[in-house]
Amino acid sequence: MSKKKRILLELYRRLYDSFGPRHWWPADSPFEVIVGAILTQNTAWRNVEKAITSLKSLGLMSPEAIYNLPVRDLALIIKPSGYYNIKARRLKHFVEFLFADTGGDLKRLFDQELDPLRRKLLSINGIGPETADSILLYAGEKPTFVVDTYTRRILMRHLLLPEDASYDETRDLFMSHLEPCVSMFNEYHALLVKLGHTFCLKRNPRCQDCPVKGLNE
Ligand code: SF4
């Protein structure tokens, strides 16, 4: 087993033992996961929850409903999530793609192979790699690794990545060293977010008390 693989497995084991299962993604349906993944860009989750609650209370949490809703009305409903005009357009772009590709059928969407489907999602205006991978993993149950700021920070601090590592380099580190496993990738990303929130802070990381202390030794 390579050293990097051993460290990545040890990191996962320590995080899981310390924090336990994170039960991600909090949503009632795959479409709600997709809406959350688009709305959470540059916004705290509590604000996304308000927008999702509004959509659900109005009976609008479905591809058909969003497809038929004028973008101006959608923007007003999701206003609590911030950047609401941009995010309303992004939601519309996604459902327009979904109807063009599969007639609005999420099951048919996620029946497609990971790599070509990922390329399709990345071609949608406003869907970047973190959003695409979140949709694929948490809504589509595809074995792709989601990378965020916390992931990069933690791996760089443990010298597993160079400081200028790109999104794809970071994702490739996990994808090339770990078996493709939806449940593990689901937990691993959620656990890294937890570590970034609690110990591996941007300033003054709490290394002395951290469950990951001494990982590379
Ligand atoms: S807080 Fe320190 S020990 Fe914990 S993950 Fe960050 S750099 Fe590593």
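Me: Does Asp17 count as buried or exposed?
Reply: This is a predicted model. In it, Asp17 counts as exposed, because its relative accessibility is 52% and the cut-off for exposed is over 50%.

Me: Which residue does Asp17 form a salt bridge with?
Reply: Its partner is Arg13, and the closest N and O atoms are 3.0 Å apart. Both residues lie in helix H1 (residues 3–19), four residues apart, about one turn of the helix. Arg13 counts as partly exposed, at 42% relative accessibility.

Me: How many salt bridges does the structure hold?
Reply: The structure holds 10 salt bridges. One of them joins the side chains of Asp133 and Arg118, at 2.8 Å from N to O. Asp133 lies in helix H9 and Arg118 in helix H8, so this pair ties together parts that are 15 residues apart in sequence.

Me: And are Asp133 and Arg118 buried or exposed?
Reply: Asp133 is buried, with a relative accessible area of 0%. Arg118 is buried as well, at 10%.

Me: Turning to helix H9, how many of its residues are buried?
Reply: Nine of the 11 residues of H9 (residues 129–139) are buried, so the helix is mostly covered. The cover over these buried residues includes helix H2 (30–39), helix H8 (114–122) and helix H12 (182–198).

Me: What comes just after H9?
Reply: Glu141 is found there, with a positive phi of about 55 degrees.

Notes
Residues are numbered from 1 along each chain as its sequence is written. This is a predicted model: local features need pLDDT of at least 70, side-chain atom pairs count only at pLDDT 80 or more; totals for chains, interfaces and linings use all residues. Side-chain values use heavy atoms; hydrogens and water are left out. Buried means under 20% relative accessible area, exposed over 50%, partly exposed in between (1.4 Å probe, protein chains only). Helices (H or I, at least four residues) and strands (E, at least two) are DSSP runs, numbered from the N terminus. Contact means heavy atoms within 4.5 Å. A salt bridge is a side-chain nitrogen of Lys or Arg within 4 Å of a carboxyl oxygen of Asp or Glu.
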